[in-house]
Amino acid sequence: PVQLGPPRGRRTRMTRRLDPLVQLGGPVLLVVAVGLVSTTVSAANEVYFLNALVSVAIVVAIYVFVGNSGVLSFGQIAFVAVGAFAAGVMTVPLESKKGVLTTLFPLLRDHSIGNVPSLLLAAGLGGLFAFVVGLPLMRLSGLAAGIATFAVLEITHNVLQQWTKIGPGATTLSLVPESTGPLQGTLGAIVVIAIAFGYQRSRLGRKLRATREDPQAASGVGIGVHLQRLWAFTLSGALAGFAGALLVHQLGSITTEQVYLELTFLTLAMLVIGGLTSLWGAVVGALAVSGLDSFLSQAEQGVHVLGFKLDLPSGAHLAVLAAIMALVLILRPSGITGGRELRLPRAWRRS
């Protein structure tokens, strides 16, 4: 028989080279498309696209630990909060800070930094905080890990809300420079995606996924389960802190309630609906649920759809998202993407 195309071995090698490019390129192109569209809409609608880009950064940061380790964590938003308030406090202009945030520690009150340094500071503090709390917590699994990480979220929320030496306390942190526009939002989401992709294809990422599939077998071949989870938890905390800085620079102001229970539920819903165990699922879920949440939030104020006025009661968007997440868990537990990475179509792989 006559063989058309390259030999099977060469086709296999080509596919192996192309698959990583597709797995990274797909999410990146999707984010770039959202960023480009955000530049063509009105200022009133631009905020919804920026929310989607920041949501991608937060959800992918959560995926780095939860998706690769299989350990459910409710505490990743605590690192988002730390990053958001650190970047916000340190970028408020000095003149305004000395007049409004008078109770801050002198080091925080008398110094201010730029946009990019604030992003790096938020990532560093998020990673450091995650490493410190992860040292004891990463020995836990299952329900115990979920409760312990939720306790981290609760403690962080209370500290930020009550300790006025490090922030505004229960009041709003305002006057933060709004530097997260379409360009910074897109680049920030791409940076988080690229780091998450590099980690999951690294030796550390493969070891962590081995502990997810069978912790006893992984431990039996010499993989330190606690150490691998700690590495991922720290990296996830750093990326979450970075995403928190993007968030506060997008909003221009923030309160402790904005980085607490509602954001925790919303981002976990994005990850579950998209596909818990894949980077592609994290990005697709973040964009899809963010778009739906924006529409439902508008519907609570009243919107016209196909000639009919849709007017939902206040808080309905969370109830609808909860129902959708329940349906996904029942009908398709692996999420929209099936928990798989984006790959070349089968016909292309054969050609």
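Before anything else, a note on axes: they are lines fitted to C-alpha atoms, for helices over the stretch in contact, and angles run from 0 to 180 degrees between N-to-C directions. Helices here are DSSP runs (H or I, at least four residues), numbered from the N terminus.

Ground rules: I am working on a predicted model, where local features need pLDDT of at least 70, side-chain atom pairs count only at pLDDT 80 or more, and totals for chains, interfaces and linings use all residues. Residues are numbered from 1 along each chain as its sequence is written, and side-chain values use heavy atoms, with hydrogens and water left out.

**Helices 12 and 13**

I looked up how helix 12 (residues 261-274) sits on helix 13 (residues 279-299): the angle is about 125°, and the axes are 7 Å apart. That makes the pair oblique, the class left over once angles under 35 degrees (roughly parallel), over 145 (roughly antiparallel) and 65 to 115 (roughly perpendicular) are taken out. I have the contact (heavy atoms within 4.5 Å) down as Leu 266, Met 270, Leu 271, Ile 273 and Gly 274 from helix 12, against Gly 281, Ala 282, Gly 285, Ala 286, Val 289, Ser 290 and Asp 293 from helix 13. By class I get 7 nonpolar, 4 polar and 1 charged residues; Gly counts as polar in this scheme.

**Helix 6**

Next I checked the length of helix 6 (residues 115-137). Its 23 residues should span 33 Å at 1.5 Å a residue, and the end C-alpha atoms are 32 Å apart, so the two agree. The expected span is 1.5 Å times one less than the number of residues.

Then burial, meaning under 20% relative accessible area with a 1.4 Å probe, protein chains only. I find Ser 118, Leu 119, Ala 122, Ala 123, Gly 126, Gly 127, Ala 130, Val 133, Gly 134 and Leu 137 buried in helix 6. Helix 6's buried residues pack against helix 3 (76-91), helix 7 (142-162), helix 8 (182-201) and helix 11 (225-251).

I followed up on helix 3: its axis and that of helix 6 come within 8 Å and cross at roughly 145°. Among the residues meeting there are Phe 79, Val 82 and Met 90 of helix 3, and Leu 121, Leu 125 and Phe 129 of helix 6. I count that contact as 12 nonpolar, 4 polar and no charged.

**Gln 23**

Last stop was Gln 23, in helix 1 (residues 8-38). It counts as buried because its relative accessibility is 11%. Leaving out residues up to four places away in sequence, I see Gln 23 touching Phe 197, Arg 201, Glu 341 and Leu 342. I also checked Gln 23 against Val 100: 77 residues apart in sequence, 47 Å apart in space, C-alpha to C-alpha.

Notes:
Helices (H or I, at least four residues) and strands (E, at least two) are DSSP runs, numbered from the N terminus. Buried means under 20% relative accessible area, exposed over 50%, partly exposed in between (1.4 Å probe, protein chains only).
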